[in-house]
Amino acid sequence: MPRARPRIRFEMPPEGDGPSAARPEQASTDLSAARHPIHFGFMATVGVGFALLLYFVLTNVGGLLAWIAAALFIALGLDPIVHWLERKGLPRPAGVIIVVLILAGLVAAFISTLIPTIVNQTTQIVANAPRYVDNFLNSAFFQSIDEQFQVRERIDVELAKFFANSENVTGIFGGVLGVGSAVLQGAFGALIVLVLTLYFLASLPALKVWAYRLAPRSKRQHVQRLSEEISSSVGSYVIGQACVALINATVAFIAMSIAQVPFTALLTFVVALLAFIPLIGAVIAGALVSLVALTVSWQTAALFAVIYFAYLQIEAYFVSPRVMQRAVAVPGAVAVIAVIAGGSLLGVLGALMAIPVAASVMLLLKDVFIVRQDRN
């Protein structure tokens with residue numbers, strides 16, 4: 001453009017000794033002013049106000065903070081691939097573009113191949129749900145229970161009371177609207193996470209430089225070493241957990257095909273999602289598929305359970321240690337507590353991020369707190 005000027009960029013200030021220390025007279029004056037009761041009361045009130053404002057902001061932008069954490073988590077997971085491409089001679093922007101294109105291609109391939117099958121099988125489950133309910137109600141097990149406790153009559157009475165109340169019907173309608181709103185919010189959140197992931201992945205070295213400058217210069221090298229070790233551990237964990245989940249889903253698909261479990265594509269997708277959750281995700285997935293297999297026969301459920309849970313033992317002792325050898329080791333008890341706490345705080349996202357966070361905390365305790373305690 002004619003007369004166009006480059007955009008002004010905010011740059012880091014040069015490293016230096018900073019402003020000179022305050023003179024003793026000025027320090028004593030500030031100390032005497034801070035001890036004045038009116039000044040102290042005003043500053044305390046301002047501090048409480050800022051604390052309440054910070055609490056209000058955090059409680060109202062909790063979803064945004066979760067999106068930022070998810071995007072940063074994914075960016076740290078993809079950063080080792082970009083680094084590998086950089087070591088091969090590609091510039092970082094080209095590496096980021098290649099990784100993003102590969103990720104977009106995988107997502108597009110997944111949508112074009114698996115989504116129609118999953119939707120079709122989900123529709124079949126919904127369409128056959130009344131038949132499943134009728135088969136259960138007409139089974140000998142339910143008939144024996146109904147003869148003893150009159151379960152069917154009690155259910156009919158409770159349903160009649162429920163639909164007789166207009167507030168309950170309104171609540172159902174509001175729940176349907178809430179589900180639709182949750183779906184739209186989830187789609188919007190996924191878009192925001194994708195955009196933030198691209199920005200974080202492209203500018204991760206600059207973000208690290210900014211973060212390191214926040215530390216005191218005397219401790220900056222130590223902070224940089226710890227931060228690089230933590231980010232490398234998180235990236236290795238994300239890639240390793242993705243590989244473990246992919247292998248787990250592949251074995252589950254083979255086991256379901258051998259046992260002839262229905263809705264194989266849908267259940268494989270569910271297993272892949274649950275396998276991302278460390279420790280307990282694969283067990284929950286195996287139990288869920290076994291319950292679905294029980295709708296065919298107990299022999300089908302037993303065959304699948306034997307194959308899948310036998311693989312889980314192989315995964316725990318051979319597959320996962322080899323894949324996760326570059327990640328920071330976390331004791332089993334700490335990992336279980338971290339997963340439960342993360343799931344309680346942030347749901348599935350918290351469970352996924354729990355072990356890397358626990359590994360980072362343990363690394364800080366080992367290299368900072370324990371070293372400081374040994375010096376005292």
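Reader: How do the axes of helix α9 and helix α10 cross, and at roughly what angle?

Author: Axes are lines fitted to C-alpha atoms, for helices over the stretch in contact, with angles from 0 to 180 degrees between N-to-C directions. Helices are DSSP runs (H or I, at least four residues) numbered from the N terminus. In this predicted model, the axes of α9 (residues 220-259) and α10 (residues 264-275) come within 8 Å and cross at roughly 150°. That makes the two roughly antiparallel (the label for angles over 145 degrees).

Reader: Which residues of α9 and α10 make the contact?

Author: Contact means heavy atoms within 4.5 Å. On α9, the list includes Gln 241, Ala 245, Phe 253 and Met 256; on α10, Leu 267, Val 271 and Ala 275 are among them. The contact residues split into nine nonpolar, five polar and no charged (nonpolar: Ala, Val, Leu, Ile, Met, Phe, Trp, Tyr, Cys and Pro; charged: Asp, Glu, Lys and Arg; polar: the others, Gly among them).

Reader: What about Gln 260 and Phe 263: buried or exposed?

Author: Buried means under 20% relative accessible area, exposed over 50%, partly exposed in between (1.4 Å probe, protein chains only). Gln 260 is exposed at 65%, while Phe 263 is buried at 13%. Gln 260 sits in the loop between α9 and α10, and Phe 263 is in that loop too. Phi of Gln 260 is positive, near 60°; Phe 263 has a positive phi of about 60° although it isn't a glycine.

Conventions: Residues numbered from 1 in each chain as written. Predicted model: local features only at pLDDT ≥ 70, side-chain atom pairs only at ≥ 80, totals over all residues. Heavy atoms only, no water. Parallel < 35°, antiparallel > 145°, perpendicular 65-115°, else oblique.
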